[in-house]
Amino acid sequence: MKTPEDFLKERGFIAAAEIDRDALISTFMSEMEKGLAGKPSSLPMIPSYIGVDGKVPQGAKAAVLDAGGTNFRSGIVTIPPAVEDRANQPMPGVKKEVGVDDFYSALAEEVRRVKPLATVEKIGFCFSYPADATADLDAKLIRWTKGIKAPGIVGQFVGKELLSRLGGGKIAIVNDTVATLLAAKATEGDKEYSSYLGFILGTGTNTAYVERNSNILKLSGLDPAGKMIINAESGSFDKIARSKFDLAMDAKTQTPGSNPFEKMISGAYLGPIGLEIFKAAAKEGFFSKQAAGRLSGLATPTLETIDLDNFVAGFKKPDRTNPLDVIFADATDAKIARRLALPVFERAAVLTAVHLAAFVIKTGEGVSASSPVAINADGSTYYKTKAVPFADLVRRELDDILVKRRNIHYEITPQVEDAPMVGAGIAAML
Ligand code: BGC
């Protein structure tokens, strides 16, 4: 009888131990270079027009919006970093499709609430979707990710549209990875870092890092001695082999074919990949008749990552019924199901580490242990996954790939609370 591991391999699933780290790093780096040169690449490498040298004014208060993924938050960011007067609601377009006017009305209403409480003129806006940045920090939405249904906004300058509905004003829009990078910089105290990464692994994923202007070949007229934060949109990396399960899951998303790398590591997709594995394994006879029957009768067409994660970890959340505990009630079924799903989390951790390593290497810094490259990580998948000790696995890989084998030094900074909002506030103050 075939083992669960053979079954996964046979369908193109590359287990964590089998991932060719060096090859993947080289491919990532070459995609980065192409993206920076404006050549065709799966990594858009979006210049943010923000450097990391500005001084954050102590005592300032900025009004901030945070369109994070499935949540839309607002509040006041103060320095030293804290968030006051918060509000949180579902992101417009997450539950049902919204039109252009309703979309901006929801945003404008929150600006009207928080703006009078701020001391700086600019509104900070953390916008966690792929968007081209302009030199005056507006954002032109390239496409939605995370299942947001507001098609009329694609291609619009979100800041300009919002301000026109507010009757004027100033805004600084930054991607959440850029904001997270800025937040790490603002809270570093007297630490000495040679460079910075902002990394998000939640519903979606992405990385921002600091690049030398002289390497950003697609922009002319930059000060060659300067540096700028680049929003890589690393989730859209596509030079990676995907299994049958990844492809089957992708085909059922609202955006088939887009963001392949994100769909292998981030929270919106790990549960759905697990479900594809379970369904295919049931057909191969891995489970009892009862389990197979219950699987095919699963009421919701998808499986949430939180349920797959809790199930693999053997954790029963008191206030939540986990469909997998019902489906795999039999101990033998449960054991096989865990063996089939654990590799999904292990693979995500190794891919996370390998791509972070590529960005650390790309900074060209971290040559001395006394000034490492700072990685500020944020997001629920990175911090809350239980199936594997996610952050520990990432660190172990980075130690090996960067420190032992390349003598490049990095440090994962302590988590900055509300990093995306704080960073957007900082962008408004700079
Ligand atoms: C978006 C990025 C964002 C990331 C993390 C992705 O789906 O394309 O812009 O930074 O999610 O929130």
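This is a predicted model: local features need pLDDT of at least 70, side-chain atom pairs count only at pLDDT 80 or more; totals for chains, interfaces and linings use all residues.
Strand 8 covers residues 171-174 and runs parallel to strand 5, to which four bridges join it. Strand 5 also pairs with strand 2 (residues 61-67), again in the parallel sense and over four bridges. Within this pairing, D66 has C126 in strand 5 as its bridge partner.

Strand 5 (residues 123-127) is mostly covered, with five of its five residues buried. I123, F125 and F127 point one way from the strand, whereas G124 and C126 point the other way. In a regular strand, side chains alternate between the two faces of the sheet.

A further sheet is open and consists of six strands in the order 1-11-10-9-12-13, with mixed pairing. Strand 1 (46-47) and strand 13 (410-412) stand at its edges with a single partner strand each, so one side of each has no neighbour in the sheet. Strand 9 (residues 195-201) and strand 10 run antiparallel and are joined by five bridges. L197 has Y209, in strand 10, as its bridge partner.

The loop between helix 5 and strand 9 contains E188. The relative accessible area of E188 is 16%, under the 20% limit, and the residue is therefore buried. The side chain of E188 forms a polar contact of 3.2 Å with that of K185.

The ligand is surrounded by 14 residues, the closest being K146, N175, D176, E233 and E262. By class, this shell comprises three nonpolar, seven polar and four charged residues. Helix 5 (176-186) and strand 10 (205-212) each supply at least two residues of the shell. Domain 1 (1-48 + 178-416) and domain 2 (61-174) both contribute residues to the shell, so the ligand lies between the two domains.

Polar side-chain atoms of three residues were examined relative to oxygen atoms of the ligand. For K146, a polar side-chain atom lies 2.7 Å from a ligand oxygen atom. The corresponding distance is 2.8 Å for N175 and 2.9 Å for T145. Taken alone, the ligand exposes 310 Å², of which the protein buries 99%.

How values were computed. Residues are numbered from 1 along each chain as its sequence is written. Side-chain values use heavy atoms; hydrogens and water are left out. A residue is near a molecule or strand if one of its heavy atoms lies within 4 Å of it. A polar contact is a pair of N or O atoms within 3.5 Å; within protein, one must be able to donate a hydrogen and the other to accept it, and residues adjacent in sequence count only if both atoms are side-chain atoms. Accessible areas come from the Shrake-Rupley method with a 1.4 Å probe; for residues, only the protein chains shown count as cover. Ala, Val, Leu, Ile, Met, Phe, Trp, Tyr, Cys and Pro count as nonpolar, Asp, Glu, Lys and Arg as charged, and the others, Gly among them, as polar. Domain bounds come from an automatic or database domain assignment. Two strands pair if DSSP finds at least two bridges between them. Buried means under 20% relative accessible area, exposed over 50%, partly exposed in between (1.4 Å probe, protein chains only).
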